[in-house]
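Please look at the sequence and the three-dimensional structure shown below. The paragraphs that follow lead through them step by step.

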Amino acid sequence: MSFASILGGLNDRDIKFVVVGGLAATAHGSRRVADDVDICYDVGAANVERLVDLLSMWNAYPRGIEKGLRFVMDARQFRITPLMTLTTDEGFIHVLDKVPGVGSYDDCRRRSMQVEAFDIRFRVLDLRALIDAKRATGRSKDIDLLPELEALLALEADR
Amino acid sequence: MTRSQLAIAVMADEKWVENTARLLNRRLRYTVEESMWLGLVRMLNQDLKLALAVAATLADEALGLEGEPAEAVVGGQDKSSAAVVIDLERFRSTHAGALSTALTLGGARRAGRRSAQSKRKSAALAKAERYGVDIDLLREGLKLSVAERLKRADENAAFIANMRKHK
């Protein structure tokens, strides 16, 4: 389980993605513990193929589902199930074709910032977009995170 | 110059200054020149009971004269035998005294209302605290770079994963 290896793998394969979700919140200073990497990916065919290859190599499988069921990791799977929560050899990864409240990969990219960590560069959803996303989902675990994110936004404005 | 200083220099109260600016549709500039112009308007309006618009026109005319004449004869039309004579020398002297008082005793700029943004920031922090978020901890975390935060998160996640494995 390593964020470094997941992000490194995505980067090495030239996969176009933006980190969204809990790890993005961590990058902005959230103290919540993230245990997965959420990414919004570019739905272009070549990009999806690269993502499929990598996830297949990592033995991606639906998270929280009993093992041994048939699961095909291919481009069609991505078209049918644009949001997947997966467990892999490298850890948990959630892949989304769009982020509620923000939009597609292009929208996420526009509202992201580049960061450097684990000796790689990648993009992370900016704090305002992250707040919009959490608010838009309406899920209690996301709404739960809002006070902390809004506090971080207030603190960020002071810096 | 603050609003209260401007009012002192004009020898009026702040309300009069605000109302006059509004009635004359004039955006106030808090400058010495403005205080002189407005001071003259006040004098013509209050001492001679001239309407504000007339007082403003005459003040423009008087202070627009070339050089620094000791007195100004303003408002006289060719077809009228009436005009207003202003003792500008006296007026300038009076204004200088009032201006001095304004700048010396007029008080510093008030803090004013907190901006909406500032209120929102405080509200966000208060709300988070009520929710149980430790703001000091957040502040500490923000001292780290993004790379350091993610590295720490990675270590935490690895630790948790390891614990789950050995449960």
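**A helix across a sheet**

Helix 1 (residues 3-12) of chain A lies across strand 1 (17-20), strand 2 (36-41), strand 5 (91-96) and strand 9 (120-125) of chain A, and it runs at about 100 degrees to strand 9 of chain A. Helices (H or I, at least four residues) and strands (E, at least two) are DSSP runs, numbered from the N terminus. Axes are lines fitted to C-alpha atoms, for helices over the stretch in contact, and angles run from 0 to 180 degrees between N-to-C directions. Two residues are in contact if their C-beta atoms, placed from the backbone, lie within 7 Å.

The model is predicted: local features need pLDDT of at least 70, side-chain atom pairs count only at pLDDT 80 or more, and totals for chains, interfaces and linings use all residues. Residues are numbered from 1 along each chain as its sequence is written, while chains are lettered from A and ligands numbered from 1 in the order in which they are written. For the complex, the predictor gives an ipTM of 0.81 and a pTM of 0.62. Chain B has an average pLDDT (the predictor's confidence in each residue, from 0 to 100) of 84, and 92% of its residues score at least 70.

Chain A contains 8 helices and 9 strands. An open sheet of 7 strands in chain A has the order 3-4-5-2-1-9-8, with mixed pairing; two strands pair if DSSP finds at least two bridges between them. Which strands form the edges of this sheet? They are strand 3 (61-62) and strand 8 (112-117) of chain A, each of which pairs on one side only.

Strand 3 of chain A pairs with strand 4 (residues 83-88) of chain A in the antiparallel sense, over 2 bridges. Here A:Pro62 has A:Leu86 in strand 4 as its bridge partner. Strand 4 of chain A also pairs with strand 5 of chain A in the antiparallel sense, over 6 bridges. A hairpin joins these two strands through 2 residues, and A:Thr87 stands opposite A:Phe92 in strand 5.

The loop between strand 8 and strand 9 of chain A holds A:Phe118 and A:Asp119. A:Phe118 has a positive phi of about 55 degrees although it is not a glycine, and A:Asp119, also a residue other than glycine, has a positive phi near 65 degrees. Are these residues buried or exposed? A residue is buried if 20 or more other C-beta atoms lie within 10 Å of its own, exposed if 12 or fewer, and partly exposed in between, with C-beta atoms placed from the backbone. A:Phe118 counts as partly exposed because it has 19 C-beta neighbours inside 10 Å. A:Asp119 is exposed, because 10 other C-beta atoms lie within 10 Å.

Of the 159 residues of chain A, 45% count as buried. In soluble globular proteins, nonpolar side chains tend to be buried together. A nonpolar core is a set of buried Ala, Val, Leu, Ile, Met, Phe, Trp, Tyr and Cys residues joined through C-beta atoms within 7 Å. The largest such core has 59 residues, of which A:Val18, A:Val19, A:Val20, A:Ile39, A:Cys40 and A:Leu125 touch the most other members. Another core, of 25 residues, lies apart from it and includes B:Ala9, B:Leu44, B:Ala56 and B:Leu58.

A:Val102 is found in the loop between strand 6 (98-99) and strand 7 (103-104) of chain A. Why does A:Val102 count as buried? The reason is that it has 24 C-beta neighbours inside 10 Å. Beyond residues up to four places away in sequence, A:Val102 touches several residues, among them A:Cys108, A:Leu125 and A:Ala133. The C-alpha atoms of A:Val102 and A:Leu125 are separated by 9.5 Å, although the two residues are 23 apart along the chain.

Finally, the two chains meet: 25 residues of chain B are in contact with 26 residues of chain A. On chain B, helix 6 (116-130), helix 7 (135-142) and helix 8 (146-165) each supply at least two residues of the side that touches chain A. Helix 8 of chain B gives the most to this side, with 12 residues.
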